[in-house]
Amino acid sequence: MELESNYEIGLTADFIRSRNFTRVALQFPDELLKDATRVVKALRDRLESPSESGSGDGKEVGLFVMADTTYGSCCVDEVGASHINADCVVHYGHTCLSPTSNLPAFFVFGKAPISISNCAENLSTYALTQGKHIMVLFGLEYSHAIEMIKEALMLESSKLSGSTSNLEFHFAEVMCSVMSPSKDCTTSNGYLGSVGSFTANDFGKATGTRYSIGGLVWNLPEGHRMEDYLLVWIGADNSAFANVVLTFNGCDIVRYDAVDNRLVTDLSQQRRILKRRYYLVEKAKDSNIVGLLVGTLGVAGYLHMIRQMKELITAAGKKAYTLVMGRPNPAKLANFPECDVFIYVSCAQTALLDSKEFLAPVITPFEAMLAFNRGSQWTGAYVMEFRDLISSSPVEVRNQSEEARFSFLQGGYVEDFDLKETEDAKEDEDGALALAYATEKALQVRDKHPNSLIKGTAKSGAEFFAARSYHGLEMHGNDSSPEPYLIGRAGKASGYEDEKGKENFDQDLSKVQDTSISGQGSLATAVYLQVDRLKRFVRFHYCSISRQ
């Protein structure tokens, strides 16, 4: 019964039956894959048993388990589901609730254990020391316990203060458990499906400001701001929590750890992420070649965002390359050393990559907007959802005649390169403006400091490859005759027959062996053993060096 409750077997079967699906993809993250066999068996037994309404009885339903998703496990893997022609996807475990493009989805968040009494006691005690209203956000795996936490908070507050009027707790709601494909990619709030069992929040009004993050939604009354509230996060220190910290970086935030049953108030480590992201923005401004990493193939609006990023990069006078490689890692991105920076287009909870081990920084679309829009400044606001950037941040074509900008990393003024200027020059090179263009590129005004003005040069991948010292195997196109074959080495790796000095070394070693055999003491035996080890060591390393 615990398995059926945690994985919501009954609700899943009702969802499949009500929509007459015959091919269902079950998406499991790695940590829940161990339960996949039992879940499939329980779900199949429930589907084969007659339902109360009698709908969908007798129809055979194919269940397919999906694991090792192409991108983040929090997103619905529509690409994997399309390989089996699935009608829908049932997603288990942690999710970002990003809208799907083609397939409907049913989400099973799971039921993580939590101490209701301890959580209510910690929250109410801490809230008494604060003079703000409390806004409670939570991981979706704890959504099953929110109603019980609300009741426990009311009882605990009455014990501590004698009245609930001094404490005001407001809770966010789960956005949906059933999601239909979204056609609107211009906003992250336009894809609400069927909302779960939660009622309206305490203060939700249609006239207020609506907020949405990580599958949670809530409304603020008119005249209220998020900075007026103390944010309490119930859950683990994961990507969903990092999303909250960055998005609401102007709010006071505490976290209740349901595993250790304690309240964490020191979030200095999370707030350092903002400083790191600002450094990456400044580094991206000095880039010439930009790689666009496709981090999702199912989230609605990702193609629109990629086109917008290409327009932004081109307008900034830089070269863009689109790369599709699944989950990025340092080894994959090291194959593209010509890229100075990468833009990762993915869902909000996988967009932040710790690029300290990467050869080039990896930034988000919002950070690219700040880096490549001339004159833009970071006001402190941070946007994680790329769908919010599609309508709110259109591409601005800057005027290339503006003065040079100051680069904090290079320590001087940088004049950006303009691709359009090069194209115009190619059109006019046969005309009267060719000489004027060449003179303009040759002459450059400098003051007494030779490095005070740095001219930015935009290179393409082909130019970068041509400037490398190693171009791969040498291909002689002019000479088509085959090369003569060469005879390789003979012998074992520990000692090839053509190794230099092998015969002399063996002769000296044989003398030591003869001395040991003639019985001249244990010293000769020890010397023989040491020389034999040295011989093996020298031969091994000589083989390795000669192969290189």
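Reader: How many aromatic pairs does the structure hold?
Author: There are 9 aromatic pairs in this predicted model; rings of Phe, Tyr and Trp (its six-membered ring) pair if their centres lie within 6.5 Å, with planes under 30 degrees apart called stacked, over 60 edge-to-face and the rest tilted.

Reader: Ok, how do F15 and F21 sit, then?
Author: Their ring centres are 5.6 Å apart with the planes at 55°, so that pair is tilted.

Reader: And F15 with F106?
Author: That pair is stacked, because the planes are at 25°, with the centres 5.1 Å apart. F15 is in helix 2 (residues 9-18) and F106 in strand 4 (residues 105-108), so to speak distant parts of the chain, 91 residues apart. Helices (H or I, at least four residues) and strands (E, at least two) are DSSP runs, numbered from the N terminus.

Reader: Are F15 and F106 buried or exposed?
Author: Both are buried, meaning under 20% relative accessible area, where exposed is over 50% and partly exposed lies in between (1.4 Å probe, protein chains only).

Reader: Switching topic: where's T364?
Author: T364 is in the loop between strand 17 (362-363) and helix 11 (365-372). T364 counts as buried because its relative accessibility is 3%.

Reader: What is T364 in contact with?
Author: Leaving aside neighbours within four places in sequence, R277, I343, Y344, A351, L352 and Y382; contact means heavy atoms within 4.5 Å.

Reader: Which rules sit behind the numbers?
Author: Local features need pLDDT of at least 70 and side-chain atom pairs pLDDT 80 or more, while totals for chains, interfaces and linings use all residues. Residues are numbered from 1 along each chain as its sequence is written, and side-chain values use heavy atoms, leaving out hydrogens and water.
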